[in-house]
Amino acid sequence: MNLIILAEQDFRGGTHRAVLQGRRAIHIQKVLRASVGTVLRVGLLNGPMGRGIVEAKTEAQVELEVELEETTPAGLPSTLLVALPRPKSLKRVLQVAAAFGTEEIVLMESWRVEKSFWSSPLLEPAQLNEQLILGLEQGCGTRLPAVQIRRRFRPFAEDELPSIASERLALLAQPRSATLCPTQVRQPFCLAFGPEGGWTPFEVDLFERAGFLPVHLGDRILRIDQAVPAFLGRLL
């Protein structure tokens, strides 16, 4: 936890004092070993950043006097399209995407997506946000990525992908494709990742018709939770 993320409800009404309990209070006391007077790096969810001074603490909670004066770093102008992975992998993908500052994540259907994945409680907004906040804490950002869900592949591919591709560099992560993924891009981009087993030829064709360029990272085939940071690290 490199940044303590605060929410509006953490603040006592009309004051700059935040009261933290649960996971954050435990981390401050057990991991950071903060004492009264310790200065911590904090940020308001979807807002500015600054510092929090430990004013009081008990076993159950920590009270911080908060000063928020820094503008949060601009988000990465990017969209990730991710064929819904198994829940364990999805947690990692959400955290990594938020840590990199991704603006938007679209969780989408594909023929090879296991249908039971769509019934995971992880897709509930509160649980999605929990994983995204873990990523913000790691990457020192406060802007929560927007998460969209698209359960029908073909309507999404035909109705929405062309407009997405027209506004930014559109890339399709595709092992053994002809083009190596570009590096250090200086423009908004969209990056699409397939399911376990990969996109079907029909799905690849729809992406290409929409304007997406298939790209690869080399001979190795990575799991989704490995591929996302590898591609983002290269594009940045």
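Which residues does F207 touch, not counting residues up to four places away in sequence? The legends below start from that residue; the model they describe is predicted.

**View 1. Contacts of F207.** Beyond its sequence neighbours up to four places away, F207 touches L81, M108, F153, L161, L172, A192, W199 and F212. F207 is itself one of the buried residues of helix α6.

**View 2. The largest nonpolar core.** This core has 57 residues. The members that touch the most other members are L81, L161, F193, W199, F207 and F212. Helix α7, residues 224-235, gives the most to the core, with 6 residues. Another core lies apart from it and has 15 residues, including L6, A25, I28 and V54.

**View 3. Aromatic rings around F153 and W199.** The structure holds 5 aromatic pairs. In one of them, the ring centres of F153 and W199 are 6.2 Å apart and the planes stand at 40 degrees, so the pair is tilted. F153 belongs to helix α4 (residues 153-159), while W199 sits in the loop between β11 (189-193) and α6 (201-210), so the pair ties together parts that are 46 residues apart in sequence. F153 counts as buried at 8% relative accessibility, and W199 is buried as well, with a relative accessible area of 6%. Ring pairs link F153 and W199 with F207 and F212 into a cluster.

**View 4. The two faces of helix α6.** E203, V204, L206, F207 and A210 are the buried residues of α6. Seen down the helix axis they fall within an arc of 160 degrees, so they line one face of α6. An α-helix has 3.6 residues a turn, so residues three or four places apart point the same way. The face of α6 turned away from the buried side carries the exposed residues P201 and R209. The buried residues of α6 are covered by elements that include β6 (76-83), β7 (102-108), α4, α5 (161-167), β9 (169-173) and β11. Just after α6, G211 takes a positive phi of about 110 degrees.

**View 5. Salt bridge between E70 and R41.** The count of salt bridges in the structure comes to 16. In this one, the side chains of E70 and R41 meet at 3.0 Å, N to O. E70 lies in strand β5 (residues 61-70) and R41 in strand β3 (residues 39-44), so the pair ties together parts that are 29 residues apart in sequence. E70 counts as partly exposed at 34% relative accessibility, and R41 counts as partly exposed at 38%.

**View 6. Salt bridge between D225 and R92.** The side chains of D225 and R92 meet at 2.9 Å, N to O. This pair links distant parts of the chain, with D225 in helix α7 and R92 in helix α2 (residues 87-100), 133 residues apart. D225 is buried, with a relative accessible area of 10%, whereas R92 counts as partly exposed at 36% relative accessibility.

**View 7. Further salt bridges.** R168 and E167 form a salt bridge through their side chains (3.2 Å, N to O). E167 is exposed, with a relative accessible area of 55%.

How values were computed
Residues are numbered from 1 along each chain as its sequence is written. This is a predicted model: local features need pLDDT of at least 70, side-chain atom pairs count only at pLDDT 80 or more; totals for chains, interfaces and linings use all residues. Side-chain values use heavy atoms; hydrogens and water are left out. A nonpolar core is a set of buried Ala, Val, Leu, Ile, Met, Phe, Trp, Tyr and Cys residues joined through side-chain atoms within 4.5 Å. Buried means under 20% relative accessible area, exposed over 50%, partly exposed in between (1.4 Å probe, protein chains only). Helices (H or I, at least four residues) and strands (E, at least two) are DSSP runs, numbered from the N terminus. Contact means heavy atoms within 4.5 Å. A salt bridge is a side-chain nitrogen of Lys or Arg within 4 Å of a carboxyl oxygen of Asp or Glu. Rings of Phe, Tyr and Trp (its six-membered ring) pair if their centres lie within 6.5 Å; planes under 30 degrees apart count as stacked, over 60 as edge-to-face and the rest as tilted. The arc is that of the directions from the helix axis to the C-beta atoms.
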